[in-house]
Amino acid sequence: MQAPGTLREFWRAYSQSRGAIAGLALIVALLLLALFADVVSPHPPNEQFRQFTLTPPMWDEGGSAMFILGTDPVGRDMLSRLIHGTRLSLLIGFISVALSLSFGVLLGVIAGYVRGLTETILMRLMDVMLALPSLLLAIAVVAILGPGLINAMYAIAIVLLPHYVRLARAAVIAEAGKEYVQSSRIAGAGALRLMFNTILPNCAAPLVVQATLGFSSAILDAAALGFLGLGAQPPTPEWGSMLAGALEFIQRAPWVVTLPGLAILVTVLAFNLMGDGLRDALDPKLKR
Amino acid sequence: MLAFILRRAALVIPTFIGVTLLAFALIHLIPGDPVENLSGERGMDPARRERLLHEFGLDRPLPVQYAGYIGEVLHGDLGTSLTTHEQVLDEFLTLFPATIELAFFAMLFAVCLGLPAGILAALKRNTVADYAVMGVSLAGYSMPIFWWALLLILFFSVQLGWTPVSGRIAVEYDVPAATGFMLIDTLKAGDWGALRSAISHLILPSIALGTIPLAVIARMTRSAMLEVLREDYVRTARAKGLPRWRVILVHALRNALIPVITVIGLQVGLLLSGAILTETIFSWPGVGNWLVHGVQSRDYPVVQGGILLIATIVISVNLIVDLLYGVVNPRIRHG
């Protein structure tokens, strides 16, 4: 259990960076948007207003207050779709990272503790996964499982997995030789208890940083898969798939192109800022 | 030195074998009948299916199939595309130069802008210039590439009309394909109009693809330079009275470059990922576009071959970078 003093210390270090605070504030705002999406959206995200296809945003001529950010090629309200897209993206990020983190840490801790052949095989497998460019691996997984949002989440979880395995294993190996571990073992602690109660809490810091940065990776990868038609399928209001086929509207309806991407940028930026902030706050070596 | 090379190369072999296993397993992991998946035919009568099953060797035990697959790969037979009926390897080799050209100029853009930006940020630490460079870098790798590409098209092609929207060269030019590299081929043909067209088609895609490596290189250069500038030998050089530019360029930069070179080399994987997306937006006739169409049209030989070939290239480039790193940094060689 962390003493309250450590939390305050951490907060002081974290809040040193304005970027980190901005990131945190943004994420809270996005979370609220996602939670209250149904209440905040002016319209249902998938309802098509056939007479209002490609209406410009409110501030452009031809725009109307009914569709603040305009409508898409089949007449769906952009603002509502973007808000519901927030919920989707945060969900995708959370599930992919949670899946990947839990499996990754489990495998990494086992590899780092048990060593030997198990470790070698596991790490070689991770090397193979890391050898492929991430999008390529995701595409391979989706090629096997078939397109769709859930399969995209699995694909992303698989792509992120090697990073957590490596991190957990390295942390466990680094800690395993230390005195507090040895004394625990001498006191009679079993392997499981040693792995998860004693060693793991001390490796938490880099894992938390990687998890946050993994969130932004996950959102970008999900958007890429959605864009390629391999992730979320229409009519799901996922930001990436909203950009698929947007090229043809770039001249007459630029808002169809700019807005979803802007949403992705803001969200990913928020998580990157927070991840950077966490890294600076948690790593004493980097304190300037 | 030779021992170092052999050791590093040997480490790569299990990874490569793993990749071939993945490519081989792909066909069998895909839901549905492997015979249908490999031939592209649905609802065949049983006799034909039996014949194809035997032809594809799918009736043999898996390890034998794998050995057969490896044998075919080593002979250059990676199957036939279901959509174009061309050899997968031939298609890849035809399209790959386009991707290389794009990746090369993207990397050139990234290094030419990223290195100076990182150095500038390091020298002017905690000033507006530093924050600007770091801010732009952060934005750079927080954006989806395909959106950035669309924005570039919106601004430069649609609104300003400076650059073309898609393709590698204007349709009216017919350049004899000699090397596959458009810039070289147009030069060889002496067609200046075509050369100009090819260059103008390269600009936006290179910028789009190179933005993320640029951001990463700028960041890495900045932090490497900051570390090096604190070192004693830099202080000594300054104390000796050397001119500032000499201290920065000759003494500091050369050592800061070591981690930066590694990072540049590691961008290759990232570039290929990005190329997949960039080529789709710009209708660039490269390997990424080809692979995506393969997945979308369930052209499994293409998917299988494409993944194997691209992964092999990434592994090879990483190996070369690793070896180069060993050449540049003697501590690695003997460590």
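**Group meeting: a helical chain and its partner**

Reading chain A from the N terminus, the elements go α-α-α-α-α-α-α-α-α-α-α-α. That comes to 12 helices and 0 strands. Keep in mind that this is a predicted model.

Along the principal axes, the C-alpha atoms of chain A fill a box of roughly 75 × 45 × 30 Å. Chain A has 288 residues, and 47% of them are buried. Look at contacts in chain A with a separation of 6 or more: 68% of them link residues 24 or more positions apart.

On to the core. Which residues touch the most other members of the largest nonpolar core? They are A:Ala138, A:Ile156, A:Ala168 and B:Phe146, out of 167 residues. Helix H5 of chain B, residues 88-123, brings the largest share of this core, with 15 residues.

Take A:Ile156 up close. Setting aside neighbours within four places in sequence, A:Ile156 contacts A:Ser96, A:Ala138, A:Ala218, A:Asp221 and A:Ala222.

Last stop, the contact between the chains. Chain A puts in 37 residues, and chain B puts in 37 residues. On the chain A side, helices H5 (116-131), H6 (134-145), H10 (204-227), H11 (239-243) and H12 (254-282) each supply at least two residues. Which helix gives the most to that side? H12 of chain A does, with 9 residues. And the make-up of the chain A side? There are 27 nonpolar, 8 polar and 2 charged residues.

Terms used. Residues numbered from 1 in each chain as written. Chains lettered and ligands numbered in written order. Predicted model: local features only at pLDDT ≥ 70, side-chain atom pairs only at ≥ 80, totals over all residues. Helix = DSSP H or I, 4+ residues; strand = E, 2+ residues; numbered from the N terminus. Buried ≥ 20, exposed ≤ 12 C-beta atoms within 10 Å, placed from the backbone. Contact = placed C-beta atoms within 7 Å. Core = buried A, V, L, I, M, F, W, Y, C linked by C-beta atoms within 7 Å. Nonpolar A, V, L, I, M, F, W, Y, C, P; charged D, E, K, R; others polar.
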